Amino acid sequence: CAPMAYLLWTEYMKYSGKSSKWLNRDRFVLSNGHACALQYTMLHLAGYNLSKEDLANFRQLGSKTPGHPECFVTDGIEVCTGPLGQGICNAVGLAMAESHLAATYNTPEYPAIFDNYTYVICGDGCLQE
């Protein structure tokens, strides 16, 4: 997964680590949340508010890097992905919402008011659920 995530974050996704709530950002959902060390590393490298010390405190009580992604704990995490299948379902909802926003607000004069994408990495266990 790491080479795929690196390619997404460095070549395809648009985001701002300094403005993590930018409305037109691309969303990344790691549905198999038990692999969240990868997501935390990508957030750190992308300039989000996640230090090397935060990465070193992975899975420690009260840390910004819990054992599964938590959107209310870690800057840059879009959705909580604890139970298998939760992330892919949330990603579908995010993709539907961005399509709705684009259909509502984009015009021929301004075709890219909303042109963001949702990217998701999920495993076979997520799909089985």
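## Packing of α1

In this predicted model, the buried residues of helix α1 pack against β1 (27–30), α2 (36–45) and β2 (118–121). Helix α1 itself spans residues 2–12, and its buried residues are A5, L8 and W9. Seen down the axis of α1, these buried residues fall within an arc of 85 degrees, so they line one face of the helix. An α-helix has 3.6 residues a turn, so residues three or four places apart point the same way.

The face of α1 turned away from the buried side carries P3 and E11, both exposed.

## Nonpolar core

The largest nonpolar core has 17 residues, and those that touch the most other members are A5, L8, W9, M13, F28 and L43. Two or more residues of this core come from each of α1, β1, α2 and β2. Helix α2 gives the largest share, 5 residues. In soluble globular proteins, nonpolar side chains tend to be buried together.

F28 has contacts with L8, W9, M13, Q39, E78, Y119 and I121, leaving aside residues up to four places away in sequence. Three of the names in that list, L8, W9 and M13, are also among the core residues that touch the most other members.

## Helix α2 and its end

In α2, the residues C36, L38, Q39, Y40, M42 and L43 are buried. The elements that cover them include α1, β1 and α3 (52–56). L43 is also one of the residues that touch the most other members of the largest nonpolar core.

After α2 comes G47, which has a positive phi, near 95 degrees.

## S20 in the α1–β1 loop

S20 lies in the loop between α1 and β1. Is S20 buried or exposed? Its relative accessible area is 13%, under the 20% cut-off, so S20 is buried.

The side chain of S20 makes a polar contact with the side chain of D75, at 2.6 Å. Not counting residues up to four places away in sequence, S20 touches R25, Y48 and D75.

A count of cavities of 30 Å³ or more gives 1. The volume of the largest cavity is about 80 Å³. It is lined by 14 residues, of which R25, D26, Y48, G76 and E78 are the closest to its centre. Rolling a probe the size of a water molecule over the atoms shows where empty space is left.

Technical notes:
Residues numbered from 1 in each chain as written. Predicted model: local features only at pLDDT ≥ 70, side-chain atom pairs only at ≥ 80, totals over all residues. Heavy atoms only, no water. Buried < 20%, exposed > 50% of the residue type's maximum accessible area, 1.4 Å probe, protein only. Helix = DSSP H or I, 4+ residues; strand = E, 2+ residues; numbered from the N terminus. Arc of directions from axis to C-beta. Contact = heavy atoms within 4.5 Å. Core = buried A, V, L, I, M, F, W, Y, C linked by side-chain atoms within 4.5 Å. Polar contact = N/O pair within 3.5 Å; in protein donor to acceptor, adjacent residues only side chain to side chain. 1 Å grid on protein atoms, 1.4 Å probe; cavity = no way out; pocket = protein on both sides within 12 Å on 5 of 7 lines; lining within 4 Å. Points joined across faces, edges and corners; volume = space filled by probe spheres on them.
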